[in-house]
Amino acid sequence: LSRLQENAPFAVSGGLQAELSRALLGGLESVQGGVLLLRAGQRGTLAGSALRLPDGSSASPSLWVWHHLLEPLEKSGWAVLALLNTLEGLPTELGGYGEPIELPPPTLEESRRFVRLKLPYLPPPEVERIVGQAGRDYEALGLLTLLAGMETEEGGRLPALRDERLRDFLEALSVACPPSWLDVDSSLLSSLLERRSLEDLPALERAFLETSGRGRVRPTSRPLLEKLLERYPHDRVERRRKLHARAATLSEERSEIERALEHALEAGDGIGVVRLCLDSTPPVPFGSLENAWRRLKSEGNLPLEGFERLTLAVVEHYTTLGRFQHPSLDEALEVLKSSPNPASKLLTQVRAVERAVEEARFEDARAALQHLPDPMSTGSQTLELGAPTRGELALAHVALLRWEGQAALALRYVEVAAGCAAESDLEPLEGRTRFWRGLIHKDLGQWEGALHDLSSVSGSSIPLLAAR
């Protein structure tokens, strides 16, 4: 067993398994007769290696038991009782073993008796739950009974399990339906499992699923699912990362953007997170975007450009809402202050001016603007800022000039911002430009102009600005 390796050549693995079976048979020969009970289920491994015949070909547990044990023992004098899951691959004539007897699925009463025999302390409702989930399948009944015992004080500990196909199924189910979601689309789970339908699953795996309506499923017992996965000895991190990456793609294809975002975060796909947050249709709710930003900020493994795009979206949200005192805005601006990008650094100064105006600290706002380039200037220093930054800077002047009563000059800066918005084709900047122009027209009693500008803002696709 110790010489078996998962990645060994098929022929080597087959030879070692044949050697193992000869050792078992040799041990039986030293015993003078007796009764031998054998059971072969749906799936199995040896020391983590797939079951193989001596020539290296793969074998089901039933075929392995027949070739390595039952056939050599046919004339040994042992009384053998073997319970096989299938006869596929076995010869039509079984020699001295006679005709196979097909064992029918257990009746409901037989299933109940089995559970009560194994777990006599289990309450009747729990017995009925296990029987119902097992669906008259021997393996499902046995495993669910074992798991139910594990959940009770009397049940003891569950040993490490090595059924890799079951592990892969449980891992996929755990990833597809995390605790933050009640259920999952059955087609998404079947795609994650690379199956045409969940109906193709063996009864043992179906026992871990229950329908929640509308073509959706959920784990029958999430605590049980996680406890069982903990018993697998292999490292789960990389396997789960790949599953989350695949689940993110499948969720996005189904327009479940928030779900896709959660999977992308778990997969460590920072670039995918930024794309889902900023470029998705329908858009991600801001609460989800901000949570993603905070997580990426704490992990710090995203390229600077992508993280700054997300940080700017947080700044944009609170600025558009006019909530300049919000702690999250302070936190985001602090991030931009340390940016090597001059435009990002300048934006923090612009927002500081807007905050000073909102708090009626007009002298502070004026002093700060004096240290910044004038967006009306045509000098190279100003033009190098780029249209979006010049537009934001112009609107900072507008905010201060309006409170100082300099409406005519404020309108000139509005036109600068409007030109920058048109040049950069940024709807948020264009919307804020119309917003400020509408306010100044209102201040001047120019009702038609004010109504035109403010109405165009209220009909825009920027909900926060429309509400303001």
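Let's start at a hairpin: between strands β6 and β7 there are two residues, and R214 takes a positive phi near 60° there. Keep in mind that this is a predicted model, where local features need pLDDT of at least 70, side-chain atom pairs count only at pLDDT 80 or more, and totals for chains, interfaces and linings use all residues. Residues are numbered from 1 along each chain as its sequence is written, and side-chain values use heavy atoms, with hydrogens and water left out.

**The sheet around the hairpin**

- Helices (H or I, at least four residues) and strands (E, at least two) are DSSP runs, numbered from the N terminus.
- Two strands count as paired if DSSP finds at least two bridges between them.
- Three strands build an open sheet in the order β5-β7-β6, with antiparallel pairing.
- The edges are β5 (184–185) and β6 (209–213), and each of these pairs on one side only.
- Four bridges join β6 to strand β7 (residues 216–219) in the antiparallel sense.
- Looking for partners in β7, you'll find P219 bridged to L209 and R216 bridged to G213.
- The antiparallel pairing of β5 with β7 has two bridges, and V184 has V217 as its bridge partner in β7.

**A nonpolar patch on the surface**

- V35, L37 and L81 make up a nonpolar surface patch, with about 350 Å² of accessible area together.
- Accessible areas come from the Shrake-Rupley method with a 1.4 Å probe, and for residues only the protein chains shown count as cover.
- Patches are made of residues with over 30% relative accessible area and no salt bridge; like charges are joined within 9 Å, and nonpolar side chains (Val, Leu, Ile, Met, Phe, Trp, Tyr) within 5 Å.
- Is L37 buried or exposed? L37 is exposed, with a relative accessible area of 62%.
- For these words, buried means under 20% relative accessible area, exposed over 50%, and partly exposed in between (1.4 Å probe, protein chains only).

**Cysteines**

- How many disulfides does a search of the whole structure find? The search comes back with zero.
- A disulfide here would be a pair of cysteine sulfur atoms within 2.5 Å.
- C177 counts as buried at 0% relative accessibility, and C277 counts as buried at 7%.

**Aromatic pairs**

- A pair of aromatic rings is described by the distance of the centres and the angle of the planes.
- Rings of Phe, Tyr and Trp (its six-membered ring) pair if their centres lie within 6.5 Å; planes under 30 degrees apart count as stacked, over 60 as edge-to-face and the rest as tilted.
- The structure has five aromatic pairs.
- One of them is F286 with Y318: the ring centres are 5.5 Å apart and the planes are at 85°, so this pair is edge-to-face.
- Because F286 lies in helix α13 (residues 286–299) and Y318 in helix α14 (residues 304–321), the pair ties together parts that are 32 residues apart in sequence.
- F286 and Y318 are both buried.
- W293 and F307 form a stacked aromatic pair, 6.5 Å centre to centre with 5° between the planes.
- This pair links distant parts of the chain, with W293 in helix α13 and F307 in helix α14, 14 residues apart.
- W293 is buried at a relative accessible area of 0%, and F307 is buried at 12%.

**Salt bridges**

- Side chains of opposite charge can pair when their charged atoms come close.
- A salt bridge is a side-chain nitrogen of Lys or Arg within 4 Å of a carboxyl oxygen of Asp or Glu.
- A search of the whole structure turns up 35 salt bridges.
- R241 bridges to E238, with the closest N and O atoms 2.9 Å apart.
- R241 and E238 are three residues apart in helix α10 (residues 237–253), so about one helical turn separates them.
- R241 is partly exposed at 34% relative accessibility, and E238 is partly exposed at 38%.
- R259 and E256 meet in a salt bridge of 3.8 Å, N to O, and both R259 and E256 are buried.
- E423 and R390 meet in a salt bridge too, at 3.5 Å, N to O.
- Since E423 lies in helix α20 (residues 407–424) and R390 in helix α19 (residues 387–403), this pair ties together parts that are 33 residues apart in sequence.
- E423 counts as exposed at 57% relative accessibility, whereas R390 counts as buried at 11%.
- E316, R351, E354, E392 and R432 are linked in a salt-bridge network.
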